[in-house]
Protein chains: 4
Amino acid sequence: MSDAKLKIVVWNEAVHEARNEPATIGEMYPEGIHGAIAAGLRGFYPDSEITTATLADPEHGLSEEVLEQTDVLLWWGHIAHGEVADEVVERVQRHVLGGMGLVVLHSGHFAKIFTRLLGTTCSLKWRNEGERELVWTVKPSHPIAAGIESPIVIPKQEMYGELFDIPEPDDLIFISSFEGGEVFRSGVTFSRGKGRIFYFSPGDQEYPVYHQPQIQKVIANGVGWVAQPGVFREAPEVSNPARGWFEEA
Amino acid sequence: MSDAKLKIVVWNEAVHEARNEPATIGEMYPEGIHGAIAAGLRGFYPDSEITTATLADPEHGLSEEVLEQTDVLLWWGHIAHGEVADEVVERVQRHVLGGMGLVVLHSGHFAKIFTRLLGTTCSLKWRNEGERELVWTVKPSHPIAAGIESPIVIPKQEMYGELFDIPEPDDLIFISSFEGGEVFRSGVTFSRGKGRIFYFSPGDQEYPVYHQPQIQKVIANGVGWVAQPGVFREAPEVSNPARGWFEEA
Amino acid sequence: MSDAKLKIVVWNEAVHEARNEPATIGEMYPEGIHGAIAAGLRGFYPDSEITTATLADPEHGLSEEVLEQTDVLLWWGHIAHGEVADEVVERVQRHVLGGMGLVVLHSGHFAKIFTRLLGTTCSLKWRNEGERELVWTVKPSHPIAAGIESPIVIPKQEMYGELFDIPEPDDLIFISSFEGGEVFRSGVTFSRGKGRIFYFSPGDQEYPVYHQPQIQKVIANGVGWVAQPGVFREAPEVSNPARGWFEEA
Amino acid sequence: MSDAKLKIVVWNEAVHEARNEPATIGEMYPEGIHGAIAAGLRGFYPDSEITTATLADPEHGLSEEVLEQTDVLLWWGHIAHGEVADEVVERVQRHVLGGMGLVVLHSGHFAKIFTRLLGTTCSLKWRNEGERELVWTVKPSHPIAAGIESPIVIPKQEMYGELFDIPEPDDLIFISSFEGGEVFRSGVTFSRGKGRIFYFSPGDQEYPVYHQPQIQKVIANGVGWVAQPGVFREAPEVSNPARGWFEEA
């Protein structure tokens, strides 16, 4: 448990939940994937303000006012990446570069905000046959690995495999293997501008992964690491650099 | 001299030259900045095909056909970044991710292709008072540093200083200092997808930097390092990932 | 100020002080360089136990019992590196690999413990003419840079210049320039085993650098970052690996 | 095939061969493990001089004269690490720091030269039950991955698993998985001084791994990458730095 007072927003497209696809999702995540993630975080950050936002909210729940006060944004998306407004993506990017922490989960690897911050396709290999995933720690001195057993055993999971087309991460903390023999860099960090990013691949709409205590702990550790409440926050402009720069700089 | 047979394209917005700003540019670079850079490369790659392309060319001279056959693209831009068509930027990005080498020079730090591949603002501090720049080698085992004296002395240069808002580079090869005391990570590499990127800051429209033999050698080394003629080239799609991925993957 | 309760040991060979070389050292650092560093830390860690140890102490003040309870060890040495017992160096190495934090200062770049942990010569270029040093932040998202102005101005300092023969650091946080135009990677981190290492070059026996508030703050930030009080500590064996491994593993 | 003219030395302790342990080693590697590795390299470097050296040779076959002319040294050892003379280890270290390439194979992770250059224990988890190993490429833009299929399938192998206690590598090129579910960073690079190091874990005295064409190709690629025949070679002193530095620098 941490006595940090953070402002945390858990974002989920929440389209699987709305469509009830898969049919088990309502039983597995009665308050949505975002609800389950937020509930897990509340156990670690009892003094923090933890809210959720979804695609259907006005401005996807990510207005300038909300982001200005957010220390950490978590992102879950899968089948509606294309429906996220570019204007909101740019806004989130500005705030990450200005110091807001970002935790991207599972199929969020294809979220516009992730590919935009990383510059690569972020593609990977996948197969959904409910295989066992083992999550091994390879950087035990990193705060995100603190208190995490190695390996974490996830009984059934979608397989994510290499080649994961990302830039070389700043920290490689976890590597997963799957029953089929594939491997995946499942826990990686990046710094962009003043902001920190943590990507963690376990978690899916078909499996109750976000109820596992060790998975919740990794996510909580990730939130703690990307949060930089003391950092001076000033979200920079990133679009049309030539115009602004030439006249004003 | 290398007997590599590469296809090299030197791209320049060529707007300073067209406007004759500064007035000395015609005398300093009678064939344009791109012409000077290409001439320097020809001394190192006599068997390679070295061409130039500019903003004013159809498709900026960077059609799909041209890029498919290009091993290395060099990029010089300054006051017309905003006029480069987004479609061309996406095309170049796809080819870099697919394995084409990219060398970005000086004020190209604000080129759309650079900020898009890196995900940050790529802003920096600058002051143009014709100060002496010293370029120090800090990674002598890197091929780009081979045969380079440390420091390279540039008698008059625009100052570029930290904070340079880039992701952590894969390799930090050169650090510059300026008369005013500023420092700058002036030679850095990145890998994105299958492609390699080298950024090198010396060079400006006001100073004859691209005529200095050691600067030419660094650029030639950079071309040699980002070139991967043996790599299987397949430019991936990067836009609208959700659509393509969900239905087809 | 931090309410962390750490056990911090500031180690100094304390030979300059004993010999009164330079003659000004007694006036500048009446309680020794270690005393000044410890005093600076007390302002930031009022609830921590901060002690000092020197070469002349039995076992250099670094017995197994002391190290077992130490969260962070700071190291200052210069003219007596060769007199540090190899047995103590191995002991410190084991504890760093087991999770103890290490902050190495200035001429400690040639300390046996530093070259042993890094594997390189750790040589550098130097010139002592009391030049101005500017310490620029290049990774503002790192906790060690929190609250640090860029640049820190050190009016008079010994010049340390590249090439600094170290492995590629995990984080490059500060780059310095000097009046003569040299540059130096003056603030870098490494992880070795479960331990974290921070090297910071400012500071010398001839200049009152350790009295500057911003330098004290960098060192305090470094202590906070290398400290990992929650990490399970188990110092591994590192010598004669073949014997232990073959029979026991 | 490369027309590089390199001087390559394959070093093997050659103790398993001398003891005929395991009993199959003579049949599997009739010219020793070193002989098999050298034979594999000859196919790729027909114009290079490829020799072997073993523990039993005078100075282990690694005299100053030999090392001065060596571009790349490959290292295989297992049960006799402790018998390698410290004097020879220091000599090899000096030459690596001076620019000689080093390829360390399999159980060489515990070789004195490897732990000395890296500064960590280099310990790992292992189990020898003849499991299938899959070697996945995670950095396809690296020359060592050129032409390598992903995964390489090794039918029977000793398991090496994380945590592999090494510093963060410069490049992570291959990650392996094993039938038991373990993962391992099986192909990594480091730069130390002017020298380059490549560690590759496949290969054992009990399995005919070094006869697999793709394994031979990875090793050949590794030799090509660590070789820097054009680098100015000057092996620095690394022991007793204080003495030499204080008086002479």
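Strand pairing, helix packing and the A–D interface

User: In this predicted model, what makes strand β5 (residues 125-137) of chain A a partner of β6(A)?

Analyst: Seven bridges join β5(A) to β6(A), and the two strands run antiparallel.

User: What is the sense of the pairing between strand β1 (residues 7-12) and strand β3 (residues 72-76) of chain A, parallel or antiparallel?

Analyst: β1(A) and β3(A) pair in the parallel sense, over five bridges. A:Asn12 stands opposite A:Trp76 in β3(A).

User: Why are β2 (49-54) and β6 (152-161) of chain A called edge strands?

Analyst: The open sheet of chain A has nine strands in the order β2-β1-β3-β4-β9-β8-β7-β5-β6, with mixed pairing. β2(A) and β6(A) each have a single partner strand, so one side of each is left without a neighbour in the sheet. On average, neighbouring strands of this sheet are turned by 25 degrees against each other, direction ignored.

User: Which strands of chain A do helix α3 (residues 32-44) and helix α7 (residues 213-226) touch?

Analyst: Helix α3(A) lies across β1, β2, β3 and β4 (101-105) of chain A and runs at about 155 degrees to β1(A). Helix α7(A) packs on the sheet and touches β1, β3, β4, β6, β7 (171-178), β8 (183-192) and β9 (195-200) of chain A, its direction making about 165 degrees with that of β9(A).

User: How do you know that β5 (residues 125-137) and β7 (residues 171-178) of chain B are paired?

Analyst: β5(B) and β7(B) share five bridges in the antiparallel sense. At least two are needed, so the two strands count as paired. B:Leu134 stands opposite B:Ser177 in β7(B).

User: Why is α3(D) described as roughly perpendicular to α7(D)?

Analyst: Helix α3 (residues 32-44) and helix α7 (residues 213-226) of chain D pack at about 70 degrees, with their axes 9 Å apart. That angle makes α3(D) roughly perpendicular to α7(D), the class being 65 to 115 degrees. The contact involves D:Gly40, D:Leu41 and D:Phe44 of α3(D), together with D:Gln216, D:Lys217, D:Ile219, D:Ala220 and D:Val223 of α7(D). By class, these are five nonpolar, two polar and one charged residues.

User: Why is the meeting of A:Glu168 and D:Lys139 called a salt bridge?

Analyst: The side chains of A:Glu168 and D:Lys139 meet at 2.7 Å, N to O. The limit is 4 Å between a side-chain nitrogen of Lys or Arg and a carboxyl oxygen of Asp or Glu, so this pair meets the rule. Across the interface of chain A and chain D, the rule finds two salt bridges.

User: How much area do chain A and chain D bury between them?

Analyst: The two chains bury about 1,600 Å², 64% of it on carbon and sulfur atoms. A:Trp136, A:Glu168 and A:Val183 supply 30% of the area that chain A buries against chain D, more than any other three residues.

Methods. Residues are numbered from 1 along each chain as its sequence is written. Chains are lettered from A and ligands numbered from 1 in the order in which they are written. This is a predicted model: local features need pLDDT of at least 70, side-chain atom pairs count only at pLDDT 80 or more; totals for chains, interfaces and linings use all residues. Side-chain values use heavy atoms; hydrogens and water are left out. Axes are lines fitted to C-alpha atoms, for helices over the stretch in contact, and angles run from 0 to 180 degrees between N-to-C directions. Helices (H or I, at least four residues) and strands (E, at least two) are DSSP runs, numbered from the N terminus. Angles under 35 degrees count as roughly parallel, over 145 as roughly antiparallel, 65 to 115 as roughly perpendicular and the rest as oblique. Contact means heavy atoms within 4.5 Å. Ala, Val, Leu, Ile, Met, Phe, Trp, Tyr, Cys and Pro count as nonpolar, Asp, Glu, Lys and Arg as charged, and the others, Gly among them, as polar. Buried area is the accessible area (1.4 Å probe) that two parts lose on being put together, summed over both.
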